[in-house]
Amino acid sequence: ISNRPMLGIMPIPLGPDLAQRAGVPVSDGLYLDGIVLGLGAEAAGLQSGDVLVTLDGKPVSDMASLAAAVGSHQAGDTVAVEYYRRQEKRSAVMTLSKRPTPEVPADPRDLAARLTDSHDRLNAELDTLLKDVTETEAAYHPAPGEWNVNENLAHLIATERHSHVWVWNFAGGDDRVPWADNNPTHLLMA
């Protein structure tokens with residue numbers, strides 16, 4: 001997992017409406033809704049609001065095409081990227097970042113305490129965010145093809161469940177559990 005590359009971007013598929021608002025001359029690409037500080041995209045000069053159109057010579061327009069372009073690479077590899085900043089097409093070389101590896105306590109009790117604390121903080125944050133959200137609001141789709149609140153929660157639950165199964169199997173000596181993609185399958189599992 002630590003060798004899986006990270007770009008350090010928060011991408012959104014572009015589409016004609018967003019392209020017009022972004023002021024770019026293309027309608028296919030990934031709009032960078034944000035950049036993660038200290039990772040490859042920032043070091044390569046990409047900024048929030050840019051539109052990524054190719055990575056490693058391959059067109060990118062959605063998460064599947066981005067995953068395919070990054071798929072054969074590891075952290076530390078360099079790739080050419082092309083992107084638009086408003087009307088100007090630019091290119092850069094990006095070093096794919098390594099995933100941060102957290103310090104894991106040697107004592108299982110310390111690990112359990114750290115995980116419990118983390119879960120408690122995240123659950124409290126979710127409680128605060130969802131405090132006044134009605135069922136109707138939670139079921140509302142912000143745009144065609146975008147997940148609503150309930151679907152996002154189902155994804156979190158299914159991913160958490162999958163993580164527990166993976167840890168259980170790994171601790172039991174069987175680490176062959178495949179990592180399922182985190183899209184509609186997770187929604188069906190929940």
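Let's start with Val 104, which is exposed at a relative accessible area of 57% (exposed is over 50%, buried under 20%, partly exposed in between, with a 1.4 Å probe and protein chains only). Val 104 sits in the loop between β6 (88-95) and α4 (108-130); helices here are DSSP runs of H or I, at least four residues, and strands are runs of E, at least two, numbered from the N terminus. This is a predicted model, where local features need pLDDT of at least 70 and side-chain atom pairs 80 or more, while totals for chains, interfaces and linings use all residues. Residues are numbered from 1 along each chain as its sequence is written, and side-chain values use heavy atoms, without hydrogens and water.

Now, over to Asp 50. Asp 50 is in the loop between α2 (40-43) and β3 (51-55), and is buried, with a relative accessible area of 2%. What does its side chain make a polar contact with? The partner is the side chain of Arg 85, at 2.8 Å (a polar contact is a pair of N or O atoms within 3.5 Å; within protein, one must be able to donate a hydrogen and the other to accept it, and residues adjacent in sequence count only if both atoms are side-chain atoms). A polar atom of the Asp 50 side chain also lies 2.7 Å from the backbone nitrogen of Gln 47.

Last stop, helix α1, residues 15-22. Its buried residues are Leu 18, Ala 19 and Ala 22. After α1 comes Gly 23, with a positive phi near 75 degrees.
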